[in-house]
Amino acid sequence: MNPRAIHTAFPSTRDLFPCESLASLPTPVTPLDVAQFPGSLASLHLKRDDQTASPFGGNKLRKLEFILGEALQEKRRALITFGFAGSNHCVATARLGREVGLHTTSLLLPQAPTPYVAQNLTMGLEAGATLVHRQSTVGLAAALGKAWVSGLIRDKVPPKVIPAGGSSLLGMIGYVNAGLELAAQVAAGMLPCPDLIYVALGSGGTAAGLQAGLALANMEAEVVPVRVVAQRYMSAQKLRKTQAALASFLGARGLPLPADGGGLCDRVRGEFFGPGYGESTEGSRAAASLVHDQAGVHLDAAYTSKAFAALLEDAHGGALADRHVMFWHTYGGPEQASKMTEIEAAAGVDLAGIPRALRVYFEPR
Ligand SMILES: Cc1ncc(COP(=O)(O)O)c(C=O)c1O
């Protein structure tokens with residue numbers, strides 16, 4: 001495994017934050033031709049976290065490297081995690097958990113039944129995960145208690161509970177590491193220091209960890225978090241709490257951060273969320289097709305195309321003129337996700353093997 005940037009920059013963190021090598025790091029940076037984009041940008045780069053692994057990468061691998069590193073050190077046998085039905089995080093946890101010998105139970109909430117949901121559910125089942133679907137967070141809490149107790153009885157050791165999106169303190173270390181990794185790439189002359197970095201905002205660990213890593217590297221770059229979940233799940237206020245928790249976690253381990261958190265929470269953008277989680281908007285469809293045409297890169301409907309729509313709108317409005325801009329590409333689902341139709345999702349899947357509550361996501365529409 002390549003040494004992780006955080007371990008190189010702060011050798012004491014090798015023992016504090018053990019890492020299970022799951023991702024292929026550092027991820028590349030790809031320059032885009034600014035002439036093909038509006039707004040007279042000085043430069044535009046993609047940070048390719050879609051390539052943390054093949055064929056299924058994305059941002060979750062960075063978090064899970066540290067979460068699973070700890071789980072293995074603690075001799076856990078199973079994992080419990082949460083998400084919406086089509087959660088990328090739940091799929092990544094099931095797949096990577098299985099890779100290191102840990103069983104995953106995913107506790108899922110309803111979402112609009114778009115085609116990628118069926119694909120992610122299928123991948124979770126293929127990875128051997130137990131999928132539990134409940135209508136509300138109250139139902140989920142009860143399911144958590146049940147899964148935890150039965151895991152304890154079965155394995156004689158409690159399952160490790162991973163919060164939604166993998167945004168535990170250790171999960172965020174994966175993105176602190178990512179910020180330091182980018183700083184090393186800038187220092188090596190691979191790209192100019194970005195002024196602004198656009199990224200999708202779900203559970204907040206990616207944006208908070210990244211801004212913290214940049215601060216530890218003394219980089220001025222400002223992360224622009226673009227909210228893609230409903231406000232009751234994430235807001236500037238919630239992100240502030242997440243940032244504060246991370247700052248005190250790092251501070252207690254000899255890695256102090258500036259008190260203002262880099263102004264991250266003041267830059268949260270909520271206007272690109274659209275009708276609902278996972279549902280595309282006119283702006284997100286335009287963003288996805290522009291990036292596909294110009295760079296051959298696939299943005300997903302739930303996260304990255306909405307975040308790129310924010311970048312494009314700011315570019316159109318002139319706010320990015322002469323700025324060095326980066327888009328942090330966090331979606332690493334297989335390419336065919338974009339091509340899959342509802343009918344293909346249903347075909348080849350034995351509905352009898354799908355928990356009854358989840359079959360709704362496989363019905364042709
Ligand atoms: C593709 C993708 N991008 C971005 C995010 C958001 O990351 P975070 O939950 O750390 O805010 C997620 C979270 O599930 C994701 O799946």
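Before you start, residues are numbered from 1 along each chain as its sequence is written, and side-chain values use heavy atoms, with hydrogens and water left out. Because the model is predicted, local features need pLDDT of at least 70 and side-chain atom pairs count only at pLDDT 80 or more, while totals for chains, interfaces and linings use all residues.

**Stop 1: the ligand**

How many residues surround the ligand? There are 15, and the closest are Lys-60, Lys-63, Ser-203, Thr-206 and Thr-330. A residue is near a molecule here if one of its heavy atoms lies within 4 Å of it.

Now colour that shell by class: 4 residues are nonpolar, 9 polar and 2 charged. In this scheme Ala, Val, Leu, Ile, Met, Phe, Trp, Tyr, Cys and Pro are nonpolar, Asp, Glu, Lys and Arg are charged, and the others, Gly among them, are polar.

Next, draw distances from the ligand oxygens. A polar contact is a pair of N or O atoms within 3.5 Å; within protein, one must be able to donate a hydrogen and the other to accept it, and residues adjacent in sequence count only if both atoms are side-chain atoms.

- Thr-206: a polar side-chain atom lies 2.6 Å from an oxygen atom of the ligand.
- Gly-204: a polar backbone atom is 2.8 Å from a ligand oxygen.
- Lys-60: an N or O atom of the side chain is 2.9 Å from a ligand oxygen.

The protein covers 98% of the 390 Å² of accessible area that the ligand has on its own (Shrake-Rupley method, 1.4 Å probe; for residues, only the protein chains shown count as cover).

Which elements give two or more residues to this shell? Select α3 (60-73), β8 (196-201) and α8 (205-216). Helices (H or I, at least four residues) and strands (E, at least two) are DSSP runs, numbered from the N terminus.

**Stop 2**

Pick Lys-47 in strand β2. Is Lys-47 buried or exposed? Lys-47 counts as buried because its relative accessibility is 0%; buried means under 20% relative accessible area, exposed over 50%, and partly exposed in between (1.4 Å probe, protein chains only). Follow the Lys-47 side chain to the backbone oxygen of Thr-27, which it reaches at 2.8 Å.

Then move to Ser-40, in the loop between β1 (29-32) and β2 (43-48). Ser-40 counts as exposed, at 55% relative accessibility.

**Stop 3: two cis peptide bonds**

Select Leu-25 and Pro-26, which are joined by a cis peptide bond with omega of about 0 degrees. Pro-26 is in the loop between α2 (13-16) and β1. Another cis bond joins Ser-54 and Pro-55, with omega of about 5 degrees. You will find Pro-55 in the loop between β2 and β3 (57-58).

**Stop 4: two positive phi values**

Go to Lys-75, in the loop between α3 and β4 (78-84). Lys-75 is not a glycine, yet its phi is positive, about 60 degrees. Lys-75 is exposed, with a relative accessible area of 63%.

Finish at Asn-218, in the loop between α8 and β9 (222-227). Phi of Asn-218 is also positive, near 60 degrees, and Asn-218 counts as exposed at 69% relative accessibility.
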